[in-house]
Amino acid sequence: MSTNGYKVIGSRPIRHDGVDKVTGRAKYGADVQLTGMLYGKVLRSPHPHAKLKGIDTSKAEALPGVKAIATAADLPQIADKIADLGEAVVNLRDSSNNVLAYGKVLYRGHAVAAVAATSRHIAAEALELIQVEYEPLPHVTSVLEAMKDDAPILHEDLKMTEMGEETDKVSNIANHFQHKQGDPEAGFTEADMVIEREFETATVHQGYIEPHNATAEWNEEGHLTLYTSTQGAFSVRDQLVEILQIPVSKVTVVPMEIGGGFGGKISVYLAPVAAVLSRKTGHPVQMTMDRDEVFIGSGPTAASYLKIKMGATNDGRITAATAYMAYEAGAYPGSPVGAGAGCILTPYRIPNVQIDGYDVCVNKPKSNAYRAPGATNAAFGSETVVDELAEALGIDPLEFRIKNGVTEGDRRPDGPEHPRIGCIETTEAAKSSAHYGASLEPSSDGKLRGRGVASGYWFNFNGGRSAISVSVNDDGSINMLEGSTDIGGSRASISMMLAETLGLSAKDINPRVVDTDAIGYTDATGGSRTTFATGYAAHATGKALICEMKKRLAQAWEVSADAIDFKDGLFSYKNDEEKRGTFKELSGKIGGTGGPLVAQISTQPDGSGGGAFATHIVDVEVDPETGKVDILRYTAVQDVGTAIHPSYVEGQLQGGVAQGVGWALNEEYIYNTDGGMTNSSFLDYRMPTSLDLPMIETILVEVPNVSHPYGVRGVGEVPIVPPPAAIANAIYRATGTRMYELPMSPPRLASQMAKNA
Amino acid sequence: MKKFAYIDATSVDTVPSLLGRRFGQAQVLAGGTDLVGELKEYIATPDRVVNLKSIPGLDYIRQEDDGLKIGPLTTLADIETSTLINDQYSVLQQAVSAIASPQIRNVGTIAGNICQRPRCWYYRSEDFDCLKNGGDTCYSVRGVNRYHAIIGGGPCYIVHPSDSAVALMSLNASVKIQGPRGPREEMLDDFFVLPELNIMRENGLRANEFVTEIIVPASKPNTKGIYVKVRERDAIDFAMASVAVTMTMSGNTCSEATVVLGGVAPVPWRVPDVEQFLQGKQITEDVASAAAEMALREADPMSDNSYKIEMTQNIVSQAILDLA
Amino acid sequence: MSSKVHVQARINGDDVEFLCEPRQSLLEVLRDVLGYTGTKEGCNNGNCGACSVILEGRLVNSCLVFGFEIQGKELQTIEGMGSPEELHPVQQQFLENAALQCGICTPGFIVSTKALLDKNPDPTEAEVRYWLAGNLCRCTGYDKIVRAVLDAAKAIKNS
């Protein structure tokens, strides 16, 4: 099966949760049904920025069927506290004010109050009866406007942090930071060719198909059980503890199946509100968002403005680069500009580099992580400039990337050194691919075709905390409990690593994602950490079981444990034919050696998550009459470390590409002049359908991560990074028009082509 | 959604009295793909929903001596897969297959598609008390009007959302309408109304009337039709711009043509000048571009939608050339 | 007048009776009233296909149909398609092809695929994409889904 000497790793078993998911039996958050359950709905602000002068709930309370109403007055006021939720750092005071607005509303869609009633329809009717007095304030919904000195200020108490120091300046700019190496000015002087461009990208949403949900049951003893679809049950627990100011021992979070997250299902929106309503009513309360609420009331990712300058010598060596990156944080500080600044320009060895990042509040929903947060915006800019430089210098764009590509020991613009990585290998694989080698035939019907390439980088978080708990059954199968949400097949990949370690097959492992009482603290599934870090724990658990098994066999065989060997899935004592067998054969034969065989391991790996590199090739066809772009062919090449379950690795690449194509061509929050989103539906927020994409070819380059026992590196995020730039570069090759704004939708591309004509 | 009562209608004659004389108090339910959305968003808040599906025999596609008759509850999917329509009225088949998605076409009806309400995001939002929702402002004028009208707008700037209506108008179709005093028939050319005439409705149906049949004159020999729709995605989306063209050709010469634009005006926008211009002309690239230019001569774009002019011109000229 | 209506229908071959308000969609009735939670809600507005069911042989979005409209009718949901012991070939091929990641759109896709293959047992890739365009998937990029559908068609033909 596998070329790397593994028996299970590299094979393609059917995932353990598959049958439940294809038969409709898998239970997602909205499928929870509890006795006496009420339904909750949220009232949202119609204003993008306003003072809350008063909320009158009396009429709504009088509606038959309404059981309780919650406002910010039901939440404890809490002090500033910074928390790292895995993919985003937040101030929990902001989180509290975000779930129910206190004093001010900061965006259209900001939650103001919530109702619990005996039916969804009654709850919705009750919302219409709540009277809120607003004092509208001037609003700002674009990053460059918000940075101006005379912009409306969202937070009067927010002082700008400048290069790590808090200043006295009250500003929407929460933070300005800088990464600098060498002397960029000198570097540009050294260059023969310098190109500087400005870019804008729109607010986009993760677009998971399952809306947010939470079902809370606060029982008589004051214990809160919260059922929800989340990327991190423990992250939800942390947030509930802080927002509700209750002891951690009084909260159990039960992770249900999750219908997509992509970074957007780590922060809580409904959970604390459902909890408050449950406490007030004494009933379980279920809340689910409508699609419209998902758009206006959850956490899309940042719109951004970038200015990027790069210089190179005639022989194709990049000498200097600067990047100015201003990202919209939304209503509260904390855009992904930090991550974006850590990924921009990272595929290149650039001696002189300066990156300035700005985190800017605007009257939009609090931005959140979205698959390689911040890196896609960044790469749209930097990879376009790289393409322009290569073209101006007359060098093949992949050759140019290989020439300047990073290897182990090169320093990233933000400081750290690259570990063993597959940047060059990936780009070379792209260059020698069948796709890149094939000529692009011109269209026969007047349409314009072009090929573009782009690269991308994502750090991959280096682990965090993960726990695994296993018990061995008499038949040698293993029940494996984990705390990592399985969004796209990680039960399978983690089980495969445990199976590999023990010489079992994937089906011998019975994996379960369990609640926060049943397993040790596990960080959220995000940052491409799960297969790396929870897999790391699974391997360690396997090792612990082997060790324990040797002890037991030592008793049973009456030999020394040290003398027992475990190799190729076989325990053996010297050449004794009686004293040998597989884990499976022997696990039922150790009765009387000390109770059931179990192991529990928690880990926090300190090595590198192994940076992820991708290079994409795309052929587009542009209709010059309408500005519509069709994707004809797409190939994603990526260093995936060791591909544990190659099908799900390919799936990650294909899914990232699809999201990237949507971001490139169609998706955007369209804001009205009054500060509201006009297109908050799947009709008007246009995610690609099956007709909008071709098959997506993948080339898996396997450069094992030296910091992981099986060479795992995160694969899920980087595939969204190159597509917008690759497509922009292809559109240019097809039409001669360079696009500096996302999305490159027909209205925008048609207008731009007309301007250039 | 507001509470409502529903009534299963049993015959065409009884529907007008069930609907009543005041707009808004009752709504007909056919396929429901538009109505259910309007009810969910509180755009429609009727006390009564009159179910037409309980009336037998409103679902048919028949060729008769004087042309094609389509029952009002015929689903878009049945039209899409009808060999009769595909063979003789292909422009309608093309338009219908470009609507939404299989699921919607499986329940959406032809009469419902013609009578559907606009997709303007201000009209569809509870937060905007726009002209069509009884307010006094068209928010698109100073707001985001990327997808709004470039022709025939004012004081409201919706575009008519129907694909099938554009094709049917190019086929000179008419509709049979049932009212309290019996049936009447109206050409589609006269059926749709501009906002300057009636801001609240997009067609001439009274509150107690409904469409009971679509009538398409028999197809002429040597006549072909084409429907071109521009949309961002290849499914689900409504038209940014569309055009239906039919041409009767003798050799290279066009003896008769119809040209109707969609997605650019508050009604399906027929351009008689262009139809006359094409009559008797040999179809060349120059003729096609002149026709395209003429078709958009009255265009008066808003702040964000001037791209639609060239886009529409391009598809008009492309459609004409494709038929020649 | 009673605010609820009494409806009798046949769901997955079983006779079912229920009471619902006229304003309750079929999706709501399936999930909240009858407990058929395999049918998923993605947008509740007909734009994502997660709630696809087969009503009288036709694929529909259950969020755009009222509960009362199924009176006397035959409905098929994901719960009626195969069992863990005996999966429908479409389900089997979705598993074999790794055609699901988060799985929330999967019941809708499987029901839509069944409706497609019932009418067109030997579709081309282009036809598969056309007939599944009403089902949104955000995880897979559709590649493995389309392959699973093509493989399921083959498997059904060979069986």
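**Conventions**

I number residues from 1 along each chain as its sequence is written, with chains lettered from A and ligands numbered from 1 in the order in which they are written. Since the model is predicted, I take local features only at pLDDT of at least 70 and side-chain atom pairs only at pLDDT 80 or more, while totals for chains, interfaces and linings use all residues.

**Entry 1: chain A as a whole**

I started with secondary structure and found 20 helices and 30 strands in chain A.

Next I looked at burial: 64% of the 757 residues in chain A are buried. I call a residue buried if 20 or more other C-beta atoms lie within 10 Å of its own, exposed if 12 or fewer do, and partly exposed in between, with C-beta atoms placed from the backbone. Of the contacts in chain A with a separation of 6 or more, 80% join residues 24 or more positions apart. A contact here is a pair of residues whose C-beta atoms, placed from the backbone, lie within 7 Å.

**Entry 2: the core**

The largest nonpolar core has 399 residues. Such a core is a set of buried Ala, Val, Leu, Ile, Met, Phe, Trp, Tyr and Cys residues joined through C-beta atoms within 7 Å. I listed the residues with the most contacts inside this core: A:Leu226, A:Val273, A:Met325 and A:Ile727. Helix α16 (residues 530-557) of chain A gives the most to this core, with ten residues. I then followed A:Met325, whose partners beyond four places in sequence include A:Leu306, A:Val337, A:Ile344, A:Ile355 and A:Tyr358.

**Entry 3: helix α7 of chain A**

I checked the length of α7(A), residues 233-244: twelve residues at 1.5 Å a residue should span 16 Å, and the end C-alpha atoms are 16 Å apart, which agrees. The expected span is 1.5 Å times one less than the number of residues. Eleven of the twelve residues are buried, among them A:Phe234, A:Arg237 and A:Asp238. Their cover includes β4 (82-84), α3 (92-99), β14 (224-228), β15 (251-255) and α8 (271-281) of chain A. Just after the helix, A:Gln245 takes a positive phi of about 55 degrees.

**Entry 4: what touches chain A**

Chain C puts 45 residues in contact with 45 residues of chain A. On the chain C side, α2(C) gives the most, with four residues. I counted that side as 22 nonpolar, 15 polar and eight charged. Nonpolar means Ala, Val, Leu, Ile, Met, Phe, Trp, Tyr, Cys and Pro; charged means Asp, Glu, Lys and Arg; the others, Gly among them, are polar.

I stayed with α2(C): six of its eight residues are buried, so it is largely enclosed by the rest of the structure. Those buried residues pack against α1 (18-22) of chain A together with α3 and α5 of chain C. C:Ala98 follows the helix with a positive phi near 55 degrees.

Chain B has 21 residues in contact with 25 residues of chain A. Helix α12 (residues 307-323) of chain B gives the most to the chain B side, with six residues. That side divides into ten nonpolar, three polar and eight charged.

I found a cis peptide bond between A:Leu742 and A:Pro743, with omega about -5 degrees, and A:Pro743 sits in the loop between α19 (723-735) and α20 (746-756) of chain A. In chain B, the bond from B:Gly154 to B:Pro155 is cis, with omega near 0 degrees.

I also looked up two non-glycine residues with positive phi: A:Asp568, at about 50 degrees, and C:Asn44, near 60 degrees. A:Asp568 counts as exposed because it has 9 C-beta neighbours inside 10 Å, whereas C:Asn44 has 26 and counts as buried.

Conventions:
Helices (H or I, at least four residues) and strands (E, at least two) are DSSP runs, numbered from the N terminus. Two residues are in contact if their C-beta atoms, placed from the backbone, lie within 7 Å.
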